[in-house]
Amino acid sequence: MRLLTVVLLVQVAIGIGLVAVVLSGDVPLVGNLGIGESAGSGTPVEAAVARAPVDRFDEARAFGWLRRQVDIGPRPAGSPESRRLARLLRARLPGGRFQAVPGRLRNVIGLVPGRDPARTVVVGAHYDTKDEPGFVGANDAASGTAVVMELARAIRPRTLGPTVVFILFDGEESPRGTADEDFEMAGLRGSRIAAPAYRNAEAMVLLDFVGNRNLSIPRERNSDPALWYRLRQAAGRVGAGRVFPRRVDAPIADDHLPFIRAGVPSIDLIDTNFLRGPCWHRPCDDLRGVSAQSLDLSGETVFELLRTL
Ligand SMILES: [Zn+2]
């Protein structure tokens, strides 16, 4: 009897100890219980990959592109500075070429071929800056252009299913003095030319304000809900879930609109807090307000989304 009592006490002690270890988080409870192997949303392999650190996007290179643009100074559409930047972007985009836009403007277009020649997705940003004195547009939209340039370098040919077409839009901003209600006809000049040529694309991902500190990007209401859901899932897998809250914000007229009108499911990554903040279209949209980490969170997320399309 006494021996049995001792054995029971020891077993109880071991049990309490195990519970304590699990509760303390030292043991990967999910892995032990095999939840990752259950049927459902993901295979065991996907579950394992999801928890692995992801580093496919080089934020230092991306930030180099951001800085290079800001160093040029103001780059309004059609200016010598903008045209010089366009030549540089064309030279560095894989398969880089110009697409003429009325008013002597030019989109810069490149591509990375996928495994399936019949499939195309578009990733875009605008490379012109609002024509305001001293405005260098570090976030609006050197940030988006920088992420596009680094994605185009980092994605290797024939590693993804669809071909990724990268479009850097000219003339997104309307000329100085344009009334707000005239923006859609006076701005979005490059995207209105580009969209009809890519009406067969499966998806369009626009990167606009993606470099500001404390990045938080809700779904703007024009953005396709299903594609946005996939973006948020991708963000979760690369540890960027906090950047994309579940919230929906007001619709925004941006370079994705012509693609939506052409029938392409499209989303716009744009931090609406920045849009309502003190530095939108102001000289303080400079290097002080942007971070390489924000570029990384955006870049890793979009890369992961593209892998799953
Ligand atoms: Zn702007």
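Predicted model: local features only at pLDDT ≥ 70, side-chain atom pairs only at ≥ 80, totals over all residues.

Residues are numbered from 1 along each chain as its sequence is written, and side-chain values use heavy atoms, leaving out hydrogens and water.

**The zinc site**
- The zinc ion's protein donors are D140 (OD), D140 (OD), E173 (OE) and H281 (NE2), at 2.0 to 2.8 Å (donors are N, O and S atoms within 2.8 Å of the metal, or 3.2 Å for Na, K and Ca; water is not among the atoms, so sites may look incomplete).
- D140 sits in helix 6 (138-154) and H281 in the loop between helix 11 (272-275) and helix 12 (292-308), so this pair ties together parts 141 residues apart in sequence (helices are DSSP runs of H or I, at least four residues, and strands are runs of E, at least two, numbered from the N terminus).
- H281 is buried too, with a relative accessible area of 12%.

- Six strands make an open sheet with mixed pairing, in the order 1-2-4-3-5-8 (two strands pair if DSSP finds at least two bridges between them).
- At the edges are strand 1 (97-101) and strand 8 (266-270), each pairing on one side only.
- Strand 3 (120-126) and strand 4 (163-169) run parallel, joined by seven bridges.
- In strand 4, V165 stands opposite V122.

Key
Buried < 20%, exposed > 50% of the residue type's maximum accessible area, 1.4 Å probe, protein only.
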